[in-house]
Amino acid sequence: MLNRRVQPDIIDAADFNLHLKPLECFTLDNGIQVYALRAPEQEVAFAEWVFYAGNAYEQENMTAACVNYLLKNGTKNKTAFEINEHFEFYGAYLNRNCYNETASIKLHSLSKHLPELLPLVNELFTESVFPEQELAIYQQNQKQGLEVSLKKCDFVANRLIDKFLFGFSHPYGRYASVTDYDKLERSNLIRFYDKYYINGKCIIFIAGNLPHNIEALLNRNFGALLCNKQAGIINYNNNPEKTKEHFIVNDENGVQGAIRIARNFFSRHHPDFMKVQVLNNILGGYFGSRLMSNIREDKGYTYGIHSYLQNHIHESAWMIATEAGRDVCEATAEEVFKEMKRLREEPVGKEELHLVRNYMIGSILGDLDGPFQTISRWKTYIINNLAEDYFNKSIHTIKKITALELQELAIKYLQPEAFYKLTVI
């Protein structure tokens, strides 16, 4: 029996020996790859269908996002109301997301209801009709939302910094306008749907308390789809802005400004990517980071500031983002560059590095709390075409990287001339 009078031992997260639970992998009759993670502890299941149908493949701006959103808004046999009613009857939740290269449909449900839910998911992939009325509602809602968002400096800054980094013709630098939504036509949606969903490439991820016949169940519902073609060719036409510093007035009477300091960076396949993630956390990747300690806690310029590496497949960007009072925007940016300089000139202390190691390992431990989170991490590795040992190498890097290596990375990548500086007020 546990003796609650005795304090348990305190163990650093960095001392944990973490492992990523292995997946089952099988192939449907049509060649679709399925990655499954069995977890019988609770009677719930999660399934995600990932199509190579992101905005990088579209000819007309916003087509991919519109198609993905309207998938569940009407088929040949069911209206949008009937589709939603079916999922709600079984207590299930169906969500859609469109990204740069991929678009996904996610299903959360009780395991026992999968036989009743999967046929309707199949119907969305084969018989969606994109009714004109649903398209009109989507256009109106998106335009209204965009008009409101464009008044916010933070929203405008996010759009512009990506365009500066990659160029508007690049999939990562493109953004929507009201005119783009007006130009959406049902015929173009159907054309995109036919090419990238009905005849596209699909991967299935499924986790939870899976039925013993899950392979047959998936094969019966999705093994006859025309999917599993090769993903289309993407034109990553990188045309970054030549001018590195920009000041945009979005609201003459605004009292707050949005600041973005960013540089182009490599994909996860680059040998420095894992190491830079540690350096990024020290700089601004968590609440105890240097940027938070300086600019929030010491100077009081902002409520929050953070840095991160963008989650893209082809390439990435190292981004520092915050909002600050209009009168201290310039001072905030100066402090960011001062913290970069400190990392270039001074080795990270032993205690600070130990703290960051524990934070990062602890975060990964939290990310693996349950089958749904675990398969989500596996999905990232698979979609990015990473080796199976990527997880173990990441853990090893966090635990073993030295202060000298971090300083060398700072000297290599945290040079101010490499960064774009954008302020939107």
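Author: The following account describes the aromatic pairs and then the charges placed over rings. This is a predicted model, in which local features need pLDDT of at least 70, side-chain atom pairs count only at pLDDT 80 or more, and totals for chains, interfaces and linings use all residues. Residues are numbered from 1 along each chain as its sequence is written, and side-chain values use heavy atoms, with hydrogens and water left out.

The structure contains 25 aromatic pairs. Rings of Phe, Tyr and Trp (its six-membered ring) pair if their centres lie within 6.5 Å; planes under 30 degrees apart are stacked, over 60 edge-to-face, and the rest tilted. One of these pairs joins phenylalanine 51 and phenylalanine 125, edge-to-face, with 4.9 Å from centre to centre and 70° between the planes. Phenylalanine 51 belongs to strand E3 (residues 44-51) and phenylalanine 125 to helix H3 (residues 114-127), so the pair links parts of the chain 74 residues apart. Here helices (H or I, at least four residues) and strands (E, at least two) are DSSP runs, numbered from the N terminus. Both phenylalanine 51 and phenylalanine 125 are buried, that is, under 20% relative accessible area, where exposed is over 50% and partly exposed lies in between (1.4 Å probe, protein chains only). Phe51 and Phe125 also belong to one aromatic cluster with Trp49, Phe130, Tyr193, Tyr197 and Phe222.

As for charges, lysine 244 lies over the face of tyrosine 420, 5.1 Å from the ring centre. This requires NZ of Lys or CZ of Arg within 6 Å of the ring centre and within 35 degrees of the ring normal. The charged end of arginine 296 likewise sits over the ring of tyrosine 303, at 4.9 Å from its centre.
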